[in-house]
Amino acid sequence: MVDLTDIRAATADLPRSYEVLVRDRIKFRVGRIVYLAVAPDEETIGIGFPREERAAALASEPDKFLPPSKSDERFQWIVVRLAALEYDELRELVIDAWSLCVPKKVRTEFLAHL
């Protein structure tokens with residue numbers, strides 16, 4: 001199981017990423033775009049996720065993935081249970097979500113150094 005410390009570690013080296021507190025919720029952004037939001041109870045996260053892959057993820061791993069709230073369905077977003085994740089999978093999800101928000105050049109340069 002991962003926690004907020006792991007989330008911070010997974011986001012720490014991502015270019016242009018920063019943490020903010022909005023209405024008592026911890027969020028990670030690139031510019032004004034939120035790519036990860038921690039639930040107040042810190043048991044789930046909302047994270048950027050390709051809309052076209054959401055249904056498959058929800059169907060294949062319902063113990064890990066939850067649908068976004070109705071108001072967030074229009075966005076590239078999914079909810080993930082932290083208890084169902086190991087650090088490596090969290091890191092992969094974080095990088096994928098961050099990749100949706102940064103310019104292609106920034107993403108390419110970062111991924112070339114992994």
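The largest pocket of this predicted model has a volume of about 280 Å³. A pocket here is an open set of points on a 1 Å grid over the protein atoms alone, with protein on both sides within 12 Å along at least five of seven lines. Its volume is the space filled by probe spheres set on the points, which are joined across faces, edges and corners. Lining residues have an atom within 4 Å of a point. There are 14 of them, and Arg 25, Lys 27, Ala 37, Asp 72 and Trp 77 are the closest to the centre.

The model is predicted, so local features need pLDDT of at least 70 and side-chain atom pairs count only at pLDDT 80 or more, while totals for chains, interfaces and linings use all residues. Residues are numbered from 1 along each chain as its sequence is written, and side-chain values use heavy atoms, with hydrogens and water left out.

**The pocket lining**

The lining divides into 8 nonpolar, 3 polar and 3 charged residues. Ala, Val, Leu, Ile, Met, Phe, Trp, Tyr, Cys and Pro count as nonpolar, Asp, Glu, Lys and Arg as charged, and the others, Gly among them, as polar. β2, β3, β4 and β6 each supply at least two lining residues. β4 gives the most, with 3 residues. Strands are DSSP runs of E with at least two residues, helices are runs of H or I with at least four, and both are numbered from the N terminus.

**The sheet**

The strands form an open sheet of 6, in the order β1-β2-β3-β4-β6-β5, with antiparallel pairing. β1 (17-22) and β5 (65-66) stand at the edges with a single partner strand each, so one side of each is left without a neighbour in the sheet. Two strands pair if DSSP finds at least two bridges between them. Strands of a sheet pair through backbone hydrogen bonds, either parallel or antiparallel.

| Strand pair | Bridges | Sense |
|---|---|---|
| β2 and β3 | 4 bridges | antiparallel |
| β3 and β4 | 3 bridges | antiparallel |
| β4 and β6 | 5 bridges | antiparallel |
| β5 and β6 | 2 bridges | antiparallel |

Particular residues mark these pairings. Arg 29 has Val 34 in β3 as its bridge partner. Ala 37 is partnered by Gly 46 in β4. Gly 48 is partnered by Trp 77 in β6. Phe 65 stands opposite Val 80 in β6.

β4 is largely enclosed by the rest of the structure, because 5 of its 5 residues are buried. Buried means under 20% relative accessible area, exposed over 50%, and partly exposed in between, with a 1.4 Å probe and protein chains only. Thr 44, Gly 46 and Gly 48 point one way from β4, while Ile 45 and Ile 47 point the other way.

**The core**

The largest nonpolar core has 30 residues, and Ile 7, Tyr 35, Leu 36, Ile 45 and Ile 47 touch the most other members. Such a core is a set of buried Ala, Val, Leu, Ile, Met, Phe, Trp, Tyr and Cys residues joined through side-chain atoms within 4.5 Å. Seven elements each supply at least two residues: α1 (4-11), β2 (25-30), β3 (33-38), β4 (44-48), β6 (77-81), α3 (87-99) and α4 (104-112). The largest share, 6 residues, comes from α3. In soluble globular proteins, nonpolar side chains tend to be buried together.

Beyond its neighbours within four places in sequence, Ile 7 is in contact (heavy atoms within 4.5 Å) with Phe 28, Leu 36, Val 38, Ile 45, Leu 82 and Leu 90.

**Two loop residues**

Leu 85 lies in the loop between β6 and α3. Leu 85 is buried, with a relative accessible area of 1%. Not counting residues up to four places away in sequence, Leu 85 touches Met 1, Val 2, Lys 64, Val 80, Leu 90 and Leu 93. Leu 85 and Phe 28 are 57 residues apart in sequence and 18 Å apart in space, C-alpha to C-alpha.

Arg 74 lies in the loop between β5 and β6. Arg 74 counts as exposed, at 59% relative accessibility.

Definitions and conventions: 1 Å grid on protein atoms, 1.4 Å probe; cavity = no way out; pocket = protein on both sides within 12 Å on 5 of 7 lines; lining within 4 Å.
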